[in-house]
Amino acid sequence: MSEPAPEPRPAVRVTASAGALELELSGRWRRDQGLPDFPELGAGCRVKVGIGGVAGYDSALPAWLHGLGRELPEGTTLDLSRLPAGLAAGVAAAEEENADDGEADRLPFLEQLGDWASSSNRSWGRAVAHIGDCALGLGRIAVGKGKANWAEFSQLLRTAGPDALPIVLLLGFLTGVIMAYVGLIQLGKVGADVYIANLVALAMAREMGALMTGVIACGRTSTAYASHLGSMNVTQETDALRAIGLRPTEYLAVPRLLAVTATLPLLSVFATAAGILGGMTVAVGSGLSAEQYLNQVVEAVSVRSFLAGLIKAHAFALIAAWAGCYRGAVARPTARGVGEAATTAAVLGITLLVVADAVFAVLFDLFGI
Amino acid sequence: MATEPRVRCLDLAVGHEGRAIMSGVSFAVEAGQLAAVVGPSGCGKSTLMRALVGLSEPLSGEAWLLGERLGDLGETRREALLRRAGFLFQGSALWSSLTVRENVELPLREFGGCGARERRLIAEHKLAQVGLLAAADKLPSELSGGMAKRAGLARALALDPEVLFLDEPTAGLDPVTAARLDALILRLRDSLGTAVVLVSHEIRSIRRLADFCVYLDPSTRRMGPVGKVDDLLRPGGHAGARAFFSPGTPA
């Protein structure tokens, strides 16, 4: 059986006649055929278009003619009078509908660079402004002038606190186990196994309890806040709040900041206890008694160390909650924007946690805490 | 030779979770015809439209699209059939992370079989047809309601559909924009012979556009009369349909 003959490809022929150019189109003009390049046409002439040789077409033909019309030199016009009425109307209508629309100018490189620089500045500015708004909102609410969405506060407390407890306990316990094993390697060499308790307890109380809980909060709470508030941008719910005279930051962010600040320190206490328990499991497995271990813990962890951990936990709570609320508030109102907000909230939150932890380490050292 | 209607339904019943909200729907739309499915809010217009395209299963009856019975088709065949139809959603449903041009180009990229230049030319032409060429690089969130509707229409037209389903295309638009959109729909129908099924309760648009109306009667949850607007308004006609088209006058 012979193969069907290939469809004639779309082609253009330009001829000159009686002061006008003639554009004769032929072949089958379909979008999957590949369209010919626009011909070079002189300025200030009239171009008659004919499709006598066209064997068939879909929207590729009016699209090509429309594209050609937009590329014409100054003073050159297309004469579509020889086209079938429907086709000519389709091309002409596209031109009419857009008669007033100019091409958007592309910015020169330096201006683009300037735009980028000022948008980076704006980004920092927005972050600072959001912190200011949060602080102002907290202040207004404290003096009874602000409005926050207290209706969802209990739910916020639950999701930030009890819902996170299992993962906090698990990771806290495992952190204690890991630290105990690491401690054993070194302390076991000098027969000081009993000091595993001191190492684990002090590290968990001062450092790891708060830090691990903060990281967990960034991973689950910040991202949740960012995607929730970002979605509200998409559906214009944030605008709707503004429209009725509410301040979105005050109304939405302040309850979240308070919910996380109320629950995260408690979670860090649980994480610390779980870590100490994890260390004890390893210590008992290596021959230490539970009583010995606990005695060492009580001796190692002073009230001051415990309070240092709690202070950090409060700060980390504010950071984790703020990162989520901020990224959500500035999220672009698109599906992708919401995804980016969630990702950047986690990254921003964890980065700020580590920076803050380093600052605390220096400050605690300076003040002898 | 009689041609197969582009859209046909026979005794169709549609609803949610097994409960019919509209039943007994039968009509056919030929090439170059524009049928308006009308009725008060909540009578099942959009649900019927989804069933006509196969986006939801009817409870009973038959829906035919471009000569094929939707219930008989496998997933692949149904998807191929849907590419020959265009759908403008009530909320425009533009992909929010793509620009307007990319929204129109996406069906062409996936199913148009054309190269980047052809895709761009066709997308720009479609956008020009709806008067949105200057907004081609905007994101949907930067468009007004009317612009989003027009962008949705440009996207629906991307693959030169043989049937166009329009769900409330002019709802919420100002009269001037609505009239322009109506004129565009008529031009498409006339120049391309597209069959159009329009769901609307905008009486002005229905009067301008519809070759015939299918009235869905929420009081009986069954299809009411089918005919031209003037026929439905005749004295002694269906009371609900008359009240719908002449609000404020006794039925």
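Guide: Chain B splits into domain 1 (7-84 + 161-245) and domain 2 (99-156). This is a predicted model, where local features need pLDDT of at least 70, side-chain atom pairs count only at pLDDT 80 or more, and totals for chains, interfaces and linings use all residues. Residues are numbered from 1 along each chain as its sequence is written, chains are lettered from A and ligands numbered from 1 in the order in which they are written, and side-chain values use heavy atoms, without hydrogens and water.

Visitor: How do you know that domain 1 of chain B is in contact with domain 2 of chain B?
Guide: Contact means heavy atoms within 4.5 Å. By that test, 15 residues of domain 1 of chain B touch 9 residues of domain 2 of chain B. The domain centres, taken over C-alpha atoms, are 25 Å apart.

Visitor: What area is buried between domain 1 and domain 2 of chain B?
Guide: About 890 Å², with 72% from carbon and sulfur atoms. Buried area is the accessible area (1.4 Å probe) that two parts lose on being put together, summed over both. On the domain 1 side, B:Arg83, B:Leu181 and B:Leu184 lose the most, together 38% of what that side buries.

Visitor: Which residues of chain B lose the most area to chain A?
Guide: B:Arg117, B:Leu121 and B:His125, together 23% of what the chain B side buries. The two chains bury about 2,300 Å² between them, 55% of it on carbon and sulfur atoms. Here 28 residues of chain B contact 30 residues of chain A.

Visitor: Where are the domains of chain A?
Guide: Domain 1 is 11-97 and domain 2 is 127-366. Their bounds come from an automatic or database domain assignment. Their centres, over C-alpha atoms, lie 66 Å apart.

Visitor: Why are H10(A) and H11(A) called roughly antiparallel?
Guide: Look at the angle. Helix H10 (residues 303-329) and helix H11 (residues 335-366) of chain A pack at about 155°, with axes 9 Å apart. Angles over 145 degrees count as roughly antiparallel (under 35 is roughly parallel, 65 to 115 roughly perpendicular, the rest oblique). So H10(A) and H11(A) are roughly antiparallel.

Visitor: What residues make up the contact of H10(A) with H11(A), by class?
Guide: There are 16 nonpolar, 3 polar and 3 charged residues. Among those that meet are A:Phe316 and A:Trp322 in H10(A), and A:Leu352 and A:Phe360 in H11(A).

Technical notes:
Axes are lines fitted to C-alpha atoms, for helices over the stretch in contact, and angles run from 0 to 180 degrees between N-to-C directions. Helices (H or I, at least four residues) and strands (E, at least two) are DSSP runs, numbered from the N terminus. Ala, Val, Leu, Ile, Met, Phe, Trp, Tyr, Cys and Pro count as nonpolar, Asp, Glu, Lys and Arg as charged, and the others, Gly among them, as polar.
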